[in-house]
Amino acid sequence: MITVPILLYHAVSAEATAAFRRWAVHPQRFGEHLAVLAESGYQPITVSRLAAALSGGEPAATLPPRPVVLTFDDGFADFASAALPRLEQHGFPSTLYVTTGYVGRGAGWLAAEGEDRRPLLTWPQLAEVASRGVEIGAHSHTHPRLDELPTREVREEVLRSRRTLEDHLQQPVPSFAYPHGYHGPRVRRVVVEAGFDSAVAVKHAMSSTEDDRFALARIIVDADTGTSRLSHLVRGEGLRQAPYRPQLRTTVWRVARRGRAGLTRGAR
């Protein structure tokens, strides 16, 4: 088994509201992260390359000696202006997951955090990003908690996001990222049936070549993650190793949250 850290970033920006500050890594710090990875001998790969190793499409032995995966959720415009130039300086591939309903608009799902005007990439910008070798994945259409929705609505969110990206970019979209990391057997089944080759969750744990290809574990990188902390994270220090069984309290919390969501829908 080969262990693989999959890093999860959101915004790469010096500007953020107090409520969103955790999810905005300063561009200078992001550059320092990449420098540490390069100096430590890590070799980034895309999510799809890791998924191919899990599915048998690529022998795990052909992965680089120290693989790492760099993923970015949501599709914020700062990916093109702040993240991609730094990635290209090191020759690092990455995977960008896009919330299609807000392309070219503000991040409407972040209204509670005061970030509903944070811009997402436009379609021309996404096409340019893709042409520069970034793997594009789907991140739903409107960024809901999928496991709280009826199956019909889950299917609409998942399929619409993929079809929209493929129609605009004219290329396959092989991977999906669960909004907020929330998923379960029902949501996972919809993603598989939609024809994706892989999907990423969160879990804040190390992934591996024995991980679930449709619920890959990722490690949260936030604004307070310094270079020393990042070095510990990519080594898996203090983290669980996928695959693993969820803790009982986590399972109970998920059931309670989904139950509350069902009651709320029923009261409408």
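Student: How are α1 and α3 oriented to each other?

Tutor: Keep in mind that this is a predicted model. Helix α1 (residues 27-39) packs on α3 at an angle of about 25°, and their axes are 10 Å apart. Angles under 35 degrees count as roughly parallel, so α1 and α3 are roughly parallel to each other.

Student: Thanks! And which hand does the crossing of α1 past α3 have?

Tutor: α1 passes α3 in a right-handed crossing. On the α1 side, the contact is made by Pro-27, Phe-30, Gly-31, Leu-34, Ala-35 and Ala-38, and α3 brings Ala-82, Ala-83, Arg-86, Leu-87 and His-90.

Student: How do the residues in the contact of α1 with α3 divide into nonpolar, polar and charged?

Tutor: For α1 with α3, eight are nonpolar, two are polar and one is charged.

Student: Okay, what about α1 and α7, at what angle do they pack?

Tutor: The angle between α1 and α7 is about 50°, with their axes 10 Å apart. α1 and α7 are therefore oblique to each other. The crossing of α1 and α7 is right-handed.

Student: Which residues meet there, in α1 and in α7?

Tutor: From α1 there are Glu-32, His-33, Val-36 and Leu-37, and they meet Thr-227, Leu-230, Ser-231 and Val-234 of α7. The contact of α1 with α7 divides into four nonpolar residues, three polar and one charged.

Student: One more pair: at what angle do α5 and α6 cross?

Tutor: Helix α5 (residues 151-169) and helix α6 (residues 185-193) cross at roughly 40°, and their axes come within 10 Å. That makes α5 oblique to α6. α5 passes α6 in a right-handed crossing.

Student: And which residues of α5 and α6 meet?

Tutor: Thr-151, Val-154, Arg-155 and Val-158 sit on the α5 side, meeting Arg-186, Val-187, Val-190, Val-191 and Glu-193 in α6. In the contact of α5 with α6, five residues are nonpolar, one is polar and three are charged.

Student: Switching to single residues now. Is Thr-71 buried or exposed?

Tutor: Thr-71 counts as buried, because its relative accessibility is 0%. Thr-71 lies in strand β6 (residues 67-74).

Student: What does the side chain of Thr-71 make a polar contact with?

Tutor: The partner is the side chain of Arg-218, at 3.0 Å. Not counting residues up to four places away in sequence, Thr-71 touches Ile-6, Leu-7, Leu-8, Tyr-9, Val-47, Thr-95, Tyr-97 and Arg-218.

Student: Where is Ala-77 placed?

Tutor: Ala-77 is in the loop between β6 and α3 (78-90). At 18% relative accessibility, Ala-77 counts as buried, because the cut-off for buried is under 20%.

Student: Which residues is Ala-77 in contact with, leaving aside its neighbours within four places in sequence?

Tutor: Those are Pro-119, Leu-120 and Leu-121.

Student: Now Ser-208. What does its side chain reach?

Tutor: The side chain of Ser-208 reaches the backbone nitrogen of Glu-210 at 3.1 Å. Ser-208 lies in strand β11 (residues 207-208) and is buried, with a relative accessible area of 0%. Beyond residues up to four places away in sequence, Ser-208 touches several others, including Met-1, Leu-54, Ala-242 and Pro-243.

Student: Speaking of Pro-243, is the peptide bond from Ala-242 to Pro-243 cis or trans?

Tutor: That bond from Ala-242 to Pro-243 is cis, with omega near 0°. Pro-243 lies in the loop between α7 (227-234) and α8 (248-267).

Student: Last topic, backbone angles. What is phi of Gln-170?

Tutor: Gln-170 has a positive phi of about 55°, although it is not a glycine. Most residues other than glycine have a negative phi. Gln-170 is in the loop between α5 and β9 (175-177) and is exposed, with a relative accessible area of 65%.

Student: And what is phi of Lys-203 near?

Tutor: Phi of Lys-203 is near 75°, again a positive value in a residue other than glycine. Lys-203 is placed in strand β10 (residues 198-203), and at 28% relative accessibility it counts as partly exposed.

Methods: Residues are numbered from 1 along each chain as its sequence is written. This is a predicted model: local features need pLDDT of at least 70, side-chain atom pairs count only at pLDDT 80 or more; totals for chains, interfaces and linings use all residues. Side-chain values use heavy atoms; hydrogens and water are left out. Axes are lines fitted to C-alpha atoms, for helices over the stretch in contact, and angles run from 0 to 180 degrees between N-to-C directions. Helices (H or I, at least four residues) and strands (E, at least two) are DSSP runs, numbered from the N terminus. Angles under 35 degrees count as roughly parallel, over 145 as roughly antiparallel, 65 to 115 as roughly perpendicular and the rest as oblique. A crossing is left-handed if the near helix is turned anticlockwise from the far one by less than a right angle, and right-handed if clockwise. Contact means heavy atoms within 4.5 Å. Ala, Val, Leu, Ile, Met, Phe, Trp, Tyr, Cys and Pro count as nonpolar, Asp, Glu, Lys and Arg as charged, and the others, Gly among them, as polar. Buried means under 20% relative accessible area, exposed over 50%, partly exposed in between (1.4 Å probe, protein chains only). A polar contact is a pair of N or O atoms within 3.5 Å; within protein, one must be able to donate a hydrogen and the other to accept it, and residues adjacent in sequence count only if both atoms are side-chain atoms.
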